[in-house]
Amino acid sequence: MNIIIVGAGNVGSTIAGVLSSSHNVLMIETDSRKSEAVKSALNVSVLEEDGVNPRVIEEAIARHSADVLIAAMPVDENNLFSCIAAKNAKENIRTVAKIRNPDFMRPMSEGGYFGTDQIISPELTAANKLTKLAILENAVDYDDIEGLGLAVAMFYVADIHTALIGQSAVNVKLPDDCTIMAVHRGKDVLLCKETTEIQIGDMLCILGSPKAIAEFNKMIGFARETKEVIIVGGGIIGSRIASLLEKERKYIKIIEQNPERCKKLVRELNNVLIINADGVDPDVLRSENIGRADVVICATESDEKNLLSCLVSRDLGALKVISRYSKREYEDVFAVTKIKTIVGYHRLIANEVTKTLISDEKAIMRMSRDEETLFSVHIRDDSKVKGIPVGDLQFPDGARAVCIIRDEKALFPRLDTIIEKNDHVLLYTYDTKMNRIEKLFGIRITDV
């Protein structure tokens, strides 16, 4: 596929990193510093021009024979205009725009959005994810798999989870419609096997329906139910989280430094307490009883402020601290502080692009580690595994079948489950030799 990405900032370069391994990518960027950085780091072509200029867009589409244009510049209006210019230059080109402001996300009556076929909104996606993590007391990661009615969640095993500790992962009594895909233990990833015994400090990677995952969260027990949530930062992400948590009947407080933003929040949110103060100031956090909160969500637009607010909130006794970050390098910084529940833009964007440009029957998502993937294989009439029980398949190391989509329903297979024509077999892989998957199923991974 020939793809044009307009804008080589944090979002654009992340998208290019996801797509350039298997697609022909051309980037348009006016900033020579960003252009050079992308050229040196990724296998992409770069055009140093103005991506809002219709002439530049038209010539780039013609020269690149582009199938898709993704507009990922900092300004929403510029992204929409680039998509409109692309449609004007080539009517059947697929356009994707990165949009921050929800006011620009107005669906058209005939489908799609104004000027674009698809929208990627890292802010609203982050807000939805942060809300889920606030409600699921034990979860440190969560992703919906849209279209399949499934989700992936990561649960931290603490000393209070006596129902799990010491059990074999395959023998844990789970709610219906979910399965343990893998166990993360330090730097190691263990598949769910008879010999995999759950220990304190493990992370359990769960695939299942959102309802089953919520039941699993309650089943293993938690220190305190989430009732009070304090949000540091009342921008797009913070206000979206508050509006979602209002529906869950939670007590919500937002700490926002900008007085004009506070006035806007008061008008928009009926049952949320708005505090005009600096959410990084320890005295402010102490006076707002942050230590009594069940969950603190740090959602300002500054990674540095979020990190400091997380550290202060944790030291003051907040039960669960969650943060967003936008710069990739902050993933390592948060890891050093041992703050587990973090949401990074680069992973959000990678999965949004995967779901936008590759159908669910192909790639599903990238997991929390670079070597982890979840994807599906369509079983055709000539498939080598059709009619074979799951237990008889000789999967390579690091791979297993975790779910089968059959007649649009999710089936969590047993060893005696027979694979049938038109099944979509969801495969979890970690550091797996893909040529062995190809040999087993008789497919090419690039065709998956």
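**A threonine and a sheet**

Guide: The side chain of Thr-116 reaches the backbone oxygen of Thr-95 at 3.0 Å, a polar contact (a pair of N or O atoms within 3.5 Å, one able to donate a hydrogen and the other to accept it; residues adjacent in sequence count only if both atoms are side-chain atoms). A polar atom of this side chain also lies 3.0 Å from the backbone oxygen of Gln-118. The model is predicted, with local features needing pLDDT of at least 70 and side-chain atom pairs 80 or more, while totals for chains, interfaces and linings use all residues. Residues are numbered from 1 along each chain, and side-chain values use heavy atoms, without hydrogens or water.

Thr-116 sits in the loop that links strand S5 (94-98) to strand S6 (118-120); strands are DSSP runs of E, at least two residues, and helices runs of H or I, at least four, numbered from the N terminus. Thr-116 counts as buried because its relative accessibility is 4%, buried being under 20% (1.4 Å probe, protein chains only). Leaving aside residues up to four places away in sequence, Thr-116 touches Leu-80, Cys-83, Thr-95, Val-96 and Ala-97, with heavy atoms within 4.5 Å.

As for the sheet, six strands form an open, parallel one in the order S14-S13-S12-S15-S16-S17, where pairing requires at least two DSSP bridges. Strand S16 (residues 320-325) pairs with S17 in the parallel sense over four bridges, and Arg-324 stands opposite Val-343 in S17.

How values were computed. Buried means under 20% relative accessible area, exposed over 50%, partly exposed in between (1.4 Å probe, protein chains only).
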